[in-house]
Structures are given as C-alpha cells and as structure tokens.
Amino acid sequence: MHFPVMAEEALSLLAIKPEGIYLDATAGMGGHTGLIAQRLTTGLVIANDRDGESLALARENTAEWWDRIRFHQGTFGELRSAIEAEGYRKVDGLLADLGVSRYQLVEAPHRGFSLLADGPLDMRLTQGTGMTAADLVNFTAEKAIADLIYQLGEERRARKIARAIVRARPIRSTSHLADVVLRAVPRTGRLHPATKTFMALRMAVNDEPGELDRLLDIGPGLLNPGGRMVVISFMSSEDRKTKEHFKALGRDGIAEILTKHPLQPSDQEISRNAPSRSAKLRAVMIKGV
C-alpha cells in the first residue's frame, strides 16, 4: 500500500482552491496527486514525474479523477513546458516530494534500486538514457566513489566502502554490491549497511542534487501571486538547501516563509509508514511583484 508522506500537512499548506491549478512535480504513484484532485471542481492537477513506470501506476491509482489530472513525464527543468502544454503560464501551488516510492525500492527489482532483491545495477529514474549505477561503481576512481558516498549518502565509512567496491570489480548486480558493502562494514544497527551507499549512487546517477537546484531556481517563478510551494525532503542536505533557498526568497521580499521550522511526521504516521520518519516539510507563499 502506498502512503503519501505528510499528506495532511502538505495539502493544508497548499491551501487548495476548488478552481485552482496545481503542479505535483513528483507524482510518483499518485498519492498526493489524487488527494489534490479530490479537492478540485473546475481545477486541474498537472502530475509530473521522471519515471514512466511510476506515472503508469499513478494513472491507475487516480483513475477516479481522470478529468482533473494531466500527466507529464519529465525532469524538474521541464516543469515550465509541462505547465505551458496545458495552456497555463503559472499555477496556484507546487508540491515536490523528493522521496523514492516503495514501488521503486521494493516492488521493481529490475530497476536496480533495491538492496533487498537481486537485480541489475541500473537505478536510472528515466530508463534508457544516461549512466547506470554499474557504470559508476565499475569505472569511477576510488576517491570519487568515496566522496559521493560521503557527500550524498552522508556515510561516514565511505572510504572503506569505496575501497571494497574497487577491489570487488566488476560488480554487476544489486545483491553483489550489497554483499560487498556488508562485508566491508558489518551491520551495527537496524539499517542495512549498504542503505546509504545505494542512496548515494541513486542520487548521483540521476543528478538529484542538480535537479533540486533547478526546482528551487525555477519553482517560485512558476507560481501565481499567493501561490504556495511545498517541498518534502528526506536527506539533511536536501532540507538544508531548501531552507537556505527559501530564506533567500524571504530576504528578497519574493516570498513569505510559512514554516519557521520544518514540519515532521507525527508518531502515528511513522508507526504506519516507517520510511516517513526522516521527512521534513518546508513551504513558502509567493508575494508577487
């Protein structure tokens, strides 16, 4: 079952109007998209995602509100084109949930995101284009691998892991990589020792830091005056970047910060949906010029 993270908080901050136009920049399996669509009458949700397989599931999961949703596959840098393709210049609200769905992590081993099921080392959100995780671990210098695991995965044992990866080359599957990391850094807690390494590789393969930069740069300009931008992040680096960008918008008089401190999921939500535990939500309202 798919649980959209911090749904009540996100929808409250979006302040949805029945006739409004909204952009779900990370539609995923359609959780947030469907909840927005339920609250519309003459309005519209533009549902965007890089992952075509996720979008197909989102269509099925939101079929009840098909007349209020338009789907687009693309990166954050293509969001303006998605809006304009539907005949609009700007929207009344933008939501971006930066997490990876359960479908990608657990139910689609052929995508290469999961360390719990064997599959090819792919990890591309947009299939068929660009570098794979196998390319990265097998042909990148040891120091560069260590740096990305440390910086993107916030993994303190990055050097030891990178050394083990290089010695184990060629690495072709997710289970092989998970085993290499497990042997290099034994389990010390409830998380699998390869969790942060897999996360870092996924972020590098898909240029997720660059994508977030693009979202934060263009997002405010996609909103009507009074429009809200809501970002849900799961990494401290993502939350820090979002916080600093929103603070700059506030200093420049472009936006009003709606979350003085990041909102976090309730204990009840965490007990129902454990992956939500690291989520942080921030929001701003665009003042206009």
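Biologist: Which residue forms a salt bridge with D147?

Modeller: This is a predicted model: local features need pLDDT of at least 70, side-chain atom pairs count only at pLDDT 80 or more, and totals for chains, interfaces and linings use all residues. Residues are numbered from 1 along each chain as its sequence is written, and side-chain values use heavy atoms, with hydrogens and water left out. A salt bridge here is a side-chain nitrogen of Lys or Arg within 4 Å of a carboxyl oxygen of Asp or Glu. The closest N and O atoms are 2.8 Å apart, and the partner of D147 is K143.

Biologist: In which helix do D147 and K143 both lie?

Modeller: Helices (H or I, at least four residues) and strands (E, at least two) are DSSP runs, numbered from the N terminus. An α-helix has 3.6 residues a turn, so residues three or four places apart point the same way. D147 and K143 are four residues apart, about one turn of the helix. Both lie in α7.

Biologist: Is K143 buried or exposed?

Modeller: Buried means under 20% relative accessible area, exposed means over 50%, and partly exposed is in between (1.4 Å probe, protein chains only). D147 has 28%, so it counts as partly exposed. K143 has 60% and therefore counts as exposed.

Biologist: How many salt bridges does a search of the whole structure find?

Modeller: Side chains of opposite charge can pair when their charged atoms come close. D51, E53 and R111 are linked in a network of them. The search of the whole structure finds 15.

Biologist: D92 and K17 also meet in a salt bridge. How many residues apart in sequence are the parts it ties together?

Modeller: The side chains of D92 and K17 come to 3.6 Å, N to O. D92 lies in strand β4 and K17 in the loop between α1 and β1, so the pair ties together separate parts of the sequence. D92 is buried at 15%, whereas K17 is partly exposed at 36%. The parts are 75 residues apart.

Biologist: What is the strand order of the open sheet?

Modeller: Two strands pair if DSSP finds at least two bridges between them. The sheet has seven strands with mixed pairing. Its edge strands, β3 and β6, each pair on one side only. The order is β3-β2-β1-β4-β5-β7-β6.

Biologist: Which residue in β7 is the bridge partner of E256?

Modeller: Strand β7 (residues 280-286) is mostly covered, with five of its seven residues buried. It pairs with β5 in the antiparallel sense over six bridges, where M229 has V284 as partner. It also pairs with β6 in the antiparallel sense, over three bridges. There, the partner of E256 is M285.

Biologist: And which residue in β2 is the bridge partner of D24?

Modeller: Strands β1 and β2 run parallel. Four bridges join them. In β2, the partner of D24 is A47.

Biologist: About what angle does the direction of helix α3 make with that of β3?

Modeller: Axes are lines fitted to C-alpha atoms, for helices over the stretch in contact, and angles run from 0 to 180 degrees between N-to-C directions. Contact means heavy atoms within 4.5 Å. Helix α3 (residues 52-61) packs on the sheet, touching β2 and β3. Its direction makes an angle with that of β3 of about 170 degrees.

Biologist: In which strand is N48?

Modeller: N48 is buried, with a relative accessible area of 1%. Leaving aside neighbours within four places in sequence, its contacts include L55 and H72. H72 is in strand β3 and is buried at 17%. N48 itself is in β2.
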